[in-house]
Structure formats: structure tokens, C-alpha cells
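Here is a short briefing on selected local features. Please keep the sequence and the structure at hand while reading.

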Amino acid sequence: MKRVLVIGANSYIGKKFYEYVDSLDEKLIDVDMVSAADGSWEKVDFSIYDSVLHLSAIVHRKEKKNMRELYEEVNHRLPVKIASKAKANNVKQFIFMSTAAVYGDISGCINKEVIPKPTTLYGMTKLAAEKELLYLKDENYKIAIIRAPMVYGDGCYGNYERLRKLTSITPIFPDYHNKRSRIYIDKLNYFLFNIIVELNDGYFFPQDKRYLDICEEVVAIRNEGGKKTYCIPILNGLIHSLKKRVKIFNKAFGDFYYDMNI
């Protein structure tokens, strides 16, 4: 049985990963959780673990310029400190939960040739951490970087939860179609589980087999609640224009997806 230390005991993914592993009939890994925010990780003996899964981060906040140092400390320097301690204590693998936000405002399909160009503090600091973590990698210490797209599932907060709230207040929605990568929390948990069991390293881009289409998703969510939706194309021209100039429109209606073969 492999022993795994999850950094981010209060994170949504951390809690769900613990529940997922605990629900399995065959116990291939044993999970311990620790908080990063209060410095609890510094008191932990890393030498008893095979893998460290780092989930702690500053995310889902309205960014301001004076928050740069906070993002640098939590999203960039902290994971590097923890990964360095793990390596010094002979941990075999460090898994870093990064983000698709490292690609910035790219519109369209992302493949292995696309160069990251983050535009937010979140994306910039995650990418900075990725680069430093790779310097720690060697034949005895594997680094796995997960550039996860939007995560959704029961109790999840963030963009998907905002979309669900939007569907509850309007029966009319633009007949506008797009493509966005996302991953269901249980699929992400299964993915992380296998990376740990197989001791994999490198870059990973997990996603659902079907892209999210915002119009189809709104209709599906409302159908679940027994509500009818009227999709109208009259606003499509305005949306097409606004998504080029206004970030919130591009985030909702723009294309941002991984190639299925990445």
C-alpha cells in the first residue's frame, strides 16, 4: 500500500479525493491530510510517504494588484518549499495541481504546441511554480503537473456553480454554442488515484470526453429541475462582439478547450 500526504486538507478536491479513496473496496493507497495555510505541513514527517499531492492554492478570488505577494507566496513559493522538503525526505513523487489558466486568454483549441501565456495572478504564479518544480525532478523524484480545466461536481464552487445559479433565474438564453474543457470531480479523483498508483510523472491534461457547450448545459440543468428553456439567436451577434472585448463574456461564451489527444 502506498502512503500519500495531501497538502490542502480544507480544499474541495482534497476532501473529495479522501472520500473517493475511502470508498474503494481495494485499499491500494492510504491518505493523510494536512493544512498548508497554518503551517501544519512543517511538522509532518515526510519520510513515511511515497507521494505528496499538493492542492493548496489561492483561487476563486477577485484579483487586485496588492495581492501579488500573497499569490506568489501561496501559489508559487509554498509548493516549491514543500516539494523540496519532500525530496529531502526521500518521497518518490510530488503531484502539483496546476491549472488551464496558465494559457491565459487563448481562444480555441489548446494542444502541446501552445505556449502558456497567463494573464491572471493565479495563472502566473501557478506557471512560476511549475517551472521551479521541474528543477527538482530526477530519476528518484518524479514530478507530475496537472493542468486541470474547470472542475465540477456536488458542492463545487467556482465558475460552474455560478452557471448553475444563472440557470435558475432565466428561462431565456442565447442560442450560442461553444467548447470548453471541464472534468467531473469523480473522474479527476480516479485520474489522481492512478497517477499515484503507477507513480507517473510529466504534464497531464485530464478532461471529460465531451466538451461543455454553454447553451446545451443551461438547457440540461433546467431540464433536471423540470424547467423549460427558450434559446434565441437574436443576441448572438452582440455576444460574438462582446467576448472579444469583455473577459466575463469570453469566459462564458468563448472557446477554451484541450485537444482530446493532448
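Leaving aside neighbours within four places in sequence, Asn 189 is in contact with Ile 13, Lys 16, Phe 17 and Tyr 20. The model is predicted.

**Asn 189**
- Asn 189 lies in helix 5, which covers residues 185-198.
- Its relative accessible area is 0%. Asn 189 therefore counts as buried, since the cut-off for that label is under 20%.
- Ile 13 and Phe 17 are among the residues that Asn 189 contacts.

**Strand 6 and its partners**
- Strand 6 runs through residues 142-148. Of its 7 residues, 6 are buried, and the strand is mostly covered.
- Strand 4 (residues 93-99) pairs with strand 6 in the parallel sense, over 7 bridges.
- In that pairing, Gln 93 stands opposite Lys 142 of strand 6.
- Strand 10 (residues 202-204) also pairs with strand 6 in the parallel sense, over 3 bridges.
- Here Tyr 203 of strand 10 stands opposite Ile 145.
- In a regular strand, side chains alternate between the two faces of the sheet.

**Surface patch**
- Ile 234, Leu 235 and Leu 238 form a nonpolar patch on the surface. Together they have about 320 Å² of accessible area.
- Ile 234 sits in the loop between strand 11 (230-232) and helix 7 (236-242).
- Is Ile 234 buried or exposed? Ile 234 is exposed, because its relative accessible area is 70% and the cut-off is over 50%.

Terms used
Residues numbered from 1 in each chain as written. Predicted model: local features only at pLDDT ≥ 70, side-chain atom pairs only at ≥ 80, totals over all residues. Heavy atoms only, no water. Patch = residues over 30% accessible without salt bridge, like charges linked within 9 Å, V, L, I, M, F, W, Y side chains within 5 Å. Areas by Shrake-Rupley, 256 points an atom, 1.4 Å probe, with all protein chains shown as cover. Salt bridge = Lys/Arg side-chain N within 4 Å of Asp/Glu carboxyl O. Helix = DSSP H or I, 4+ residues; strand = E, 2+ residues; numbered from the N terminus. Buried < 20%, exposed > 50% of the residue type's maximum accessible area, 1.4 Å probe, protein only. Contact = heavy atoms within 4.5 Å. Pairing = 2+ DSSP bridges.
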